[in-house]
Amino acid sequence: MTGTGRVLHISLKRAYDDPSPSDGWRILVDRLWPRGVKKADLALDDWLKDLAPSSDLRRWYNHESDKWQEFQKRYKLELDQNTDVVKECLKLCRKGPVTLVYAAKSTDKNNAVVLKDYLQSEKWCDFGLNE
């Protein structure tokens with residue numbers, strides 16, 4: 001994101017990939033804990049469950065590619081209704097690099113991809129700059 005705000009350095013990483021120092025602040029953005037991953041191995045700084053899609057939306061989508069476009073729309077509408085946790089995440093993003101951690105197999109069609117796009121949208125470009 002550019003413009004009047006600082007660039008947000010947001011990366012995405014699967015929960016099954018090794019953490020690295022360059023990840024910055026690591027936030028799990030899934031509602032459920034990743035299967036087969038020990039808490040110590042994930043090296044998280046935060047788990048913002050409320051940033052994740054609702055259980056109903058997650059079950060509806062079920063990672064079916066033909067539902068991807070509609071999933072993005074519905075998830076962004078949910079985020080619009082949950083601005084407190086979005087603002088919490090944006091404050092972390094303004095402090096330095098952030099990695100959104102997710103468990104989905106798909107690296108290009110998952111909630112973290114949508115969330116990153118949402119956080120970097122023009123809608124939020126000036127949030128927190130005067131704080």
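What we have is a predicted model, in which local features need pLDDT of at least 70 and side-chain atom pairs count only at pLDDT 80 or more, while totals for chains, interfaces and linings use all residues. Residues are numbered from 1 along each chain as its sequence is written, and side-chain values use heavy atoms, with hydrogens and water left out.

Let me begin with the largest nonpolar core, which has 28 residues; such a core is a set of buried Ala, Val, Leu, Ile, Met, Phe, Trp, Tyr and Cys residues joined through side-chain atoms within 4.5 Å, where buried means under 20% relative accessible area with a 1.4 Å probe, protein chains only. The members touching the most others are Leu-51, Val-86, Cys-89, Leu-100, Leu-115 and Leu-119. The largest share of this core, six residues, comes from H4, a helix covering 83–95 (helices are DSSP runs of H or I, at least four residues, and strands are runs of E, at least two, numbered from the N terminus).

Turning to H4 itself, its buried residues include Val-85, Val-86, Cys-89 and Arg-94, and among the elements covering the buried residues are E1, H3 and H5. Val-86, leaving aside neighbours within four places in sequence, is in contact (heavy atoms within 4.5 Å) with Leu-51, Leu-79, Tyr-118, Leu-119 and Trp-124.

Finally, Arg-14 lies in strand E1, residues 10–14, and, not counting residues up to four places away in sequence, it touches Val-101, Tyr-102, Ala-103, Ala-104, Lys-105 and Thr-107.

Key: Buried means under 20% relative accessible area, exposed over 50%, partly exposed in between (1.4 Å probe, protein chains only).
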